[in-house]
Amino acid sequence: MEHVKRFYNGRIALVHLDSSSVELLPLSEGIIAENIGGAAVNSALLKEYKDYEPLVFGTGPLTGSFAPASCLMVATFLSPMGDVRHVPFMLKAGPQLKFSGIDFMVITGKAEQPCIIELLNGIIRVLPGDTITGIEIPEAERILMASGTASPETVLIAGPAAEHGSPYACVSMGLWGSLDKVSLAGFMASKGLRAVTMNASGGIAFPQENILVSQEMVKTIRDGYQRKKLPVAIYEMMDGAEDAKQLIKRFHKKSHACYHCPFPCMNYLEYKWIDPKQDSRRKKKDGFYFSDHEGFLAMAPKKSVDALILMKRCIDIGLDPCAVANRLDQNMSLMEALDLIANMAASSKESEDAMAIGSYSKGPVSSEIHGLFGGGIPRILPDAATDSFETWGKRVAVSMILGICPILMLLFPNISVADLLKLITAQNGDLKSLQDVISSRIQSILTT
Amino acid sequence: MQKPAETPEEYLSIDDLRPLPKKRRLPRRPPVIVFNPKKCTGCGTCEMVCSSRNVSMVAPASSSVKVLRSDEQGTNFAILCLHCREPLCMEACPTRAIEKGDDGIVRINDLFCVECGICTMACPESAPLVEPTTGKIRKCDLCEGDPLCVKHCPEGALRFYRGKSVHWIKYLRWPVQFLVFLFLVVILVGTFCYFKAGAVSLPCPTGTLQNIAATKTVVLTSLASAMVLIGLTFVFGRFFCGWACPFGFFLDLVGKITPKFGLPAFLKSRMIKYGVLAGAVGGSATLGFQAFCTICPIGSICRSYGPLGVVRGAELAIFPAIATLEIGERRSWCRYLCPVGAVLALVVKFGLIKIVIGAQQCKKFSCMQCAEVCPMGIIDRDALREGISPQVPMSECILCLRCVDQCPYGAAKIRFRWQKTAPGDTVYGARKEIL
């Protein structure tokens, strides 16, 4: 699998939180040949280091490349229920990891004191995390951005909800929230890991001809949607999204795209509100980006601008909006809803509800498969898929292996996996063997 | 063995080795990339493709363009070289490694660059980027005229623009000014103040106000006639001042040959002309005749030719006095003293059109052409230096359109008041916060 290996740095970082030490290991050809990348390699590494409570962050061969939406980083861990979960991170997380010189990062052990893992200019360090302990995510992000010799491009933060041991906690990518609905944040907090920061200064060589292939694929994607409907395009494909669409149409300010993605599916919503906890009648302007479409869908039926306030509050303290939406009563006032959020964040009781998938929409994808991939990826059926990766589970799994955003793969089923693999190799024989390996890995991931 | 230099004068300086190039004319079509923050989605494709050209790898840290994002404000901003008319980085570079070519592109000569980073500090945009691992300075060179980032930006937020090459408005304005001057001064022979041809009359609005004050009567036909110019000004702005006023034409000619030494501060208030207007009307009411009209330079110049208009008395002193003001600032009379301009300025406050300087195309501190050519001095240089597109106060604008004509990037435009303009200060305000 030489053609796959050239898309990697060839390094795995092994971070021991108990001793705050870092080891760099070579990425073996065998593991790549058998697993290709992403969630599949993560699973293999998880098995290899299973005695050390590992948390694995990994990239795929196309992460950071000229493939559209090549932004993906996958976090794989063993949930307290005993099953493996893969949580996707978009924006620039995947390229930041790969361009730091690391393809996979295995975090083992538990830190005695809260800590931060910093990847800066190719150097990995375990730093004390007490500066961001007990504070909300926006303030934590400001502190992380201001510390060190260079501001991180990407930060993953386990917020105060995770610190308290709330089973509803979720990781936040900066101020964007995330698709974590399986308490990856809680797992990080149990290891004493408060945040991971990344600022990459390196790069990866990709074939120059990929630029032209990429242009064609981008054009195909852009021809596949109407610009005017862009802010709500993703919600048009999701069930029960009328309230979400109305909110976005009313409060939309800007759309944002992940790394090299021609479909900006993330929205910045701006609104004015009066904080009931402050003694003021003056409305203040506020706004936020969010990446959690399922969470927004769950929160949207609540009262109008209150939904936005509550969504932002969930992001600020690192709480799963779906779990909150499940508990919210339609008749609750804003103050009561904010108090509920505070209680849920402070809760440390584990309940059956807590460990169930916090998804709101009861779409056509089974909870088991949905939860396997973090529980946050929109349940959009790829009805028009033209290859053998025609189901939700398979398309998400292949994206998690290759390092492409799963949302793009679901929204544009006309992009075949073969087209993506051509960015790795143009040889037909190699393409076939790649597809076979991927198919077998998908089978093992889906049946885990 | 060569004897070492003993005195500082004997050392060679950088100016001896690589002197700064002489200032030369701006290329006829200065190239620049225009960034539209409204369209940018922060995908970073520009960084990817730029780095692929710089280092043959996808390495955004080695790109010559950087996208900054404010998660709190919901804005994105691309930092890239604006290829300034007078690049500050070029002057600041201690080894003169930065050069501006005849094509208008500012480049870093790697042979001389010592990667000190002073150019980054000198640049108001911090456009030269320091590569974190190697320390190499990366700066946009427009890919020698075919920028990759523009080609690959999926949202069209980056646009490659070659500036205007033809400044045609001045070739229209000067003949119009000359013809109007000829018409009013030579042909009509001093009848500007009260032009009458048969049933058509067009009196000066200031003269009309003085007449009403002096005679204490309102002649409706006279008032209605005065409203013609008022009405035209409401629609077209102070076009009269910029295109038709014969005295303005005279001042433009004088201004071309006189040096500029500045005016004392007490004279530089634009409210003085309203005081002159009030004084003219009040004086007329007191004295019982159109007091200011006797010394009005516009009327004087119109009466200066032909048997009807022999300039005499106080009128004789007007021309040299006001011409002297031109060595202070251009169109000083129009800016600070003209009561006709004062009346028109009041009308334009409710007028229909405006001049806008669009934030996207405007190159601000790197250009400032509009501020240099504006004869009324109403384009805020400090705002441009701060990186903010200035608002043009239309009550002071004489609509000469020199800014529109001169702007190489098409940033200065005429618009109706109700038309939305390009994203303005809020975006650049966010840029300042991010930086």
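Helix 8 of chain A spans residues 209-223 in this predicted model. The helix has 15 residues. From its first C-alpha to its last it reaches 22 Å, close to the 21 Å expected at 1.5 Å a residue. Six names make up the buried set: Asn210(A), Ile211(A), Ser214(A), Met217(A), Val218(A) and Ile221(A). Viewed down the axis of helix 8, these buried residues fall within an arc of 125 degrees, so they line one face of the helix. The other side of helix 8 carries exposed residues, namely Glu209(A), Leu212(A), Glu216(A) and Asp223(A).

The cover over the buried residues of helix 8 comes from both chains.

The contact between the chains was then examined as a whole. Here 39 residues of chain A are in contact with 32 residues of chain B. Together the two chains bury about 2700 Å² between them. Carbon and sulfur atoms account for 50% of that area. On the chain B side, Met48(B), Val58(B) and Asp71(B) lose the most area to chain A. These residues together make up 20% of what that side buries.

Chain A as a whole contains 20 helices and 14 strands. Its radius of gyration is 21 Å, close to the 22 Å that the globule rule gives for 448 residues, so chain A is as compact as a globular protein of that length. Along the principal axes, the C-alpha atoms of chain A fill a box of roughly 65 × 50 × 40 Å. Of its 448 residues, 62% count as buried. Chain A exposes about 16400 Å², and carbon and sulfur atoms supply 49% of this area.

Two residues stand out for their backbone angles. Ala69(A) is not a glycine, yet it has a positive phi of about 55 degrees. Ala69(A) lies in the loop between strand 3 (55-58) and strand 4 (73-78) of chain A. With a relative accessible area of 0%, Ala69(A) is buried. In chain B, Arg331(B) has a positive phi of about 50 degrees, although it is not a glycine. Arg331(B) sits in the loop between helix 13 (314-325) and helix 14 (332-337) of chain B. Arg331(B) counts as buried, at 1% relative accessibility.

Methods
Residues are numbered from 1 along each chain as its sequence is written. Chains are lettered from A and ligands numbered from 1 in the order in which they are written. This is a predicted model: local features need pLDDT of at least 70, side-chain atom pairs count only at pLDDT 80 or more; totals for chains, interfaces and linings use all residues. Side-chain values use heavy atoms; hydrogens and water are left out. Helices (H or I, at least four residues) and strands (E, at least two) are DSSP runs, numbered from the N terminus. The expected span of a helix is 1.5 Å times one less than its number of residues. Buried means under 20% relative accessible area, exposed over 50%, partly exposed in between (1.4 Å probe, protein chains only). The arc is that of the directions from the helix axis to the C-beta atoms. Contact means heavy atoms within 4.5 Å. The radius of gyration is taken over C-alpha atoms; the globule rule is 2.2 Å times the number of residues to the power 0.38. Accessible areas come from the Shrake-Rupley method with a 1.4 Å probe; for residues, only the protein chains shown count as cover. Buried area is the accessible area (1.4 Å probe) that two parts lose on being put together, summed over both.
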